[in-house]
Amino acid sequence: MNPPVFALAAADSAVVAALKTGSGPLRVYQFGLAPQPGTPFYKVPYAVWQFAYGSPENYLGDRPDTDYQGIQVDAYAATDKAAREIADKLQYAFELAGHVTGFRGEEIDEPTGLSRSSFDVEFWTPRT
């Protein structure tokens, strides 16, 4: 089951204002799916997310109906300040549906030269 990362980001006007341009896509991607430099739709800033940890909510007499999911979110931008601002907007968008549990720090991404700001958020996601 996918956590509501994209849905929550798309529902937040500050995230949309920062990570969407015109009719282009909202630049919040699952890990490994962000457009690469020199390809169509590549634009900075953007964010990526990936599963970091989690487990099903197990019961003795029934199948799990909910998954506990720890998600790592990375915001990329041209400057440290801009990466922090994107990360802050995403944290705010997620806080009513999940819990921000840690800050992974900041660094310069070697291949792209972009600044990265990272945090973890946890969701309890119902199975459908």
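Begin by selecting Ser55, which, once its neighbours within four places in sequence are set aside, is in contact with Asp67 and Tyr68, contact meaning heavy atoms within 4.5 Å. This is a predicted model, in which local features need pLDDT of at least 70 and side-chain atom pairs count only at pLDDT 80 or more, while totals for chains, interfaces and linings use all residues. Residues are numbered from 1 along each chain as its sequence is written, and side-chain values use heavy atoms, with hydrogens and water left out.

Stay on Ser55, which belongs to strand 2 (residues 46-56); strands here are DSSP runs of E with at least two residues, numbered from the N terminus. Its relative accessible area is 34%, so Ser55 counts as partly exposed, a class lying between buried, under 20%, and exposed, over 50%, with a 1.4 Å probe and protein chains only.

Next, select strand 5, where 10 of the 12 residues are buried. Strand 3 (residues 66-77) runs antiparallel to strand 5 and is joined to it by 12 bridges, pairing of two strands requiring at least two DSSP bridges between them; Val73 stands opposite Phe119 of strand 5. Strand 4 (residues 99-108) also pairs with strand 5 in the antiparallel sense, over 8 bridges, and Ile108 has Ser115 as its bridge partner there. Strand 4 and strand 5 form a hairpin with 6 residues between them, and Gly113 in the turn has a positive phi of about 75 degrees.

Within strand 5 (residues 115-126), turn to Arg116, which counts as buried because its relative accessibility is 11%. Its side chain makes a polar contact of 3.0 Å with the side chain of Asp74 and another, of 3.2 Å, with the side chain of Ser118; a polar contact is a pair of N or O atoms within 3.5 Å, where within protein one must be able to donate a hydrogen and the other to accept it, and residues adjacent in sequence count only if both atoms are side-chain atoms. Beyond four places in sequence, the contacts of Arg116 include Gln72, Tyr76, Gly105 and Glu107.

Finally, select Ala34, Gln36, Tyr46, Val48 and Tyr76, which lie nearest the centre of the largest pocket among its 13 lining residues. A pocket is an open set of points on a 1 Å grid over the protein atoms alone, where a 1.4 Å probe fits and protein lies on both sides within 12 Å along at least five of seven lines, and lining residues have an atom within 4 Å of a point.

Definitions and conventions: Helix = DSSP H or I, 4+ residues; strand = E, 2+ residues; numbered from the N terminus.
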